[in-house]
Amino acid sequence: MACDTFLPGSILRVFRGLYFHYGVYVGNGKVVHFCSTGDNELDSASADIIETSLSRFSKGDFVSVDTQEKPLFEGEEIVRRARMSIGTKLGTYNLLSNNCEHFANWCRCGKLVSHQKNFVDSVINELLPSGSVGRQLKDIAFSLFSQEHKSLQSVYDNQLSLKNK
């Protein structure tokens with residue numbers, strides 16, 4: 001794929017077999033994404049926001065542009081938000097609550113959104129029993145996620161305000 005295929009600020013995704021990996025195309029064949037700097041892309045201990053080549057991001061797999069969320073910002077601002085986050089952790093990487101899709105969507109629209117995580121939530125919702133115990137388990141799980149989500153949103157927003165000073 002040619003680098004000029006994507007516009008700066010495009011949210012890119014590549015299928016990894018069980019999930020999509022997301023990043024922000026920043027131009028000149030470079031992508032900013034939240035991932036492990038080690039061999040295992042999902043290793044939270046070494047996760048960081050990094051800028052890599054498009055080929056390293058894709059690992060030879062097909063790359064597409066994600067359009068699930070409407071951008072709140074123009075491409076230049078999306079790139080700025082991504083680049084100012086390089087080298088930060090913006091909270092601890094977590095597959096369900098703070099992953100590469102959350103980061104890419106925060107750059108694009110200012111919200112921590114993961115459609116993959118929402119899908120997992122819907123599957124869990126279907127699998128848990130429907131009685132009062134199941135309902136209580138669901139309420140506890142979603143309450144805990146909601147509290148962590150609000151906290152992470154403030155971490156991301158604080159990072160933006162610190163970099164703007």
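Which residues does Cys107 touch, not counting residues up to four places away in sequence? They are Val24, Phe73, Ile78, Arg81 and Ala82, where contact means heavy atoms within 4.5 Å. The structure is a predicted model, in which local features need pLDDT of at least 70, side-chain atom pairs count only at pLDDT 80 or more, and totals for chains, interfaces and linings use all residues. Residues are numbered from 1 along each chain as its sequence is written, and side-chain values use heavy atoms, with hydrogens and water left out.

The chain has five helices and five strands. Helices (H or I, at least four residues) and strands (E, at least two) are DSSP runs, numbered from the N terminus. Read from the N terminus, the elements follow the order β-β-β-β-α-β-α-α-α-α. Of the 165 residues in the chain, 42% are buried; buried means under 20% relative accessible area, exposed means over 50%, and partly exposed lies in between, for a 1.4 Å probe and protein chains only. Among the contacts with a separation of 6 or more, 59% are between residues 24 or more positions apart.

Cys107 itself belongs to helix H3. Its relative accessible area is 0%, so Cys107 is classed as buried. Pro71 is 36 residues away from Cys107 along the chain, and the C-alpha atoms of the two are separated by 8.9 Å.

Helix H3 also packs against helix H2 (residues 75-84). The axes of H2 and H3 come within 8 Å and cross at roughly 135 degrees; such axes are lines fitted to C-alpha atoms, for helices over the stretch in contact, with angles from 0 to 180 degrees between N-to-C directions. H2 is therefore oblique to H3, since angles under 35 degrees count as roughly parallel, over 145 as roughly antiparallel, 65 to 115 as roughly perpendicular and the rest as oblique. On the H2 side the contact is made by Ile78, Arg81, Ala82 and Met84, and on the H3 side by Phe103, Trp106, Cys107 and Arg108. The crossing of H2 past H3 is right-handed, a term used if the near helix is turned clockwise from the far one by less than a right angle, with left-handed used if anticlockwise.

The charged end of Arg81 sits over the ring of Trp106, 4.1 Å from the ring centre. A charge sits over a ring if NZ of Lys or CZ of Arg is within 6 Å of the ring centre and within 35 degrees of the ring normal. Elsewhere, Arg13 lies over the face of Phe20, at 4.1 Å from the ring centre.

The next topic is the pairing of rings. A pair of aromatic rings is described by the distance of the centres and the angle of the planes. Rings of Phe, Tyr and Trp (its six-membered ring) pair if their centres lie within 6.5 Å; planes under 30 degrees apart count as stacked, over 60 as edge-to-face and the rest as tilted. By this rule there are four aromatic pairs. One of them joins Phe15 and Phe20, a tilted pair with 5.0 Å from centre to centre and 55 degrees between the planes. Phe15 is partly exposed, with a relative accessible area of 43%, and Phe20 is partly exposed at 24%.

Phe34 and Phe103 form an edge-to-face pair, because their ring centres are 6.5 Å apart and their planes stand at 75 degrees. Phe34 lies in strand E3 (residues 30-36) and Phe103 in helix H3 (residues 100-109), so the pair ties together parts that are 69 residues apart in sequence. Phe34 is buried, with a relative accessible area of 0%, and Phe103 counts as buried at 0%. Ring pairs link Phe34, Tyr93 and Phe103 into a cluster.

Asn28 has a positive phi of about 55 degrees although it is not a glycine. Asn28 is exposed, with a relative accessible area of 76%. Gly29 is found in the loop between E2 and E3 as well, but Gly29 is buried, with a relative accessible area of 8%. The C-alpha atoms of Gly29 and Thr52, 23 residues apart along the chain, are separated by 8.6 Å.

A positive phi also occurs at Lys59, a residue other than glycine, with a value near 50 degrees. Lys59 is located in the loop between helix H1 (54-58) and E5. Strand E5 (residues 63-65) contains Ser64. Leaving aside neighbours within four places in sequence, Ser64 is in contact with Ile11, Leu12 and Arg13. For Ser64 and Leu12, a separation of 52 residues in sequence goes with 5.7 Å in space, C-alpha to C-alpha.
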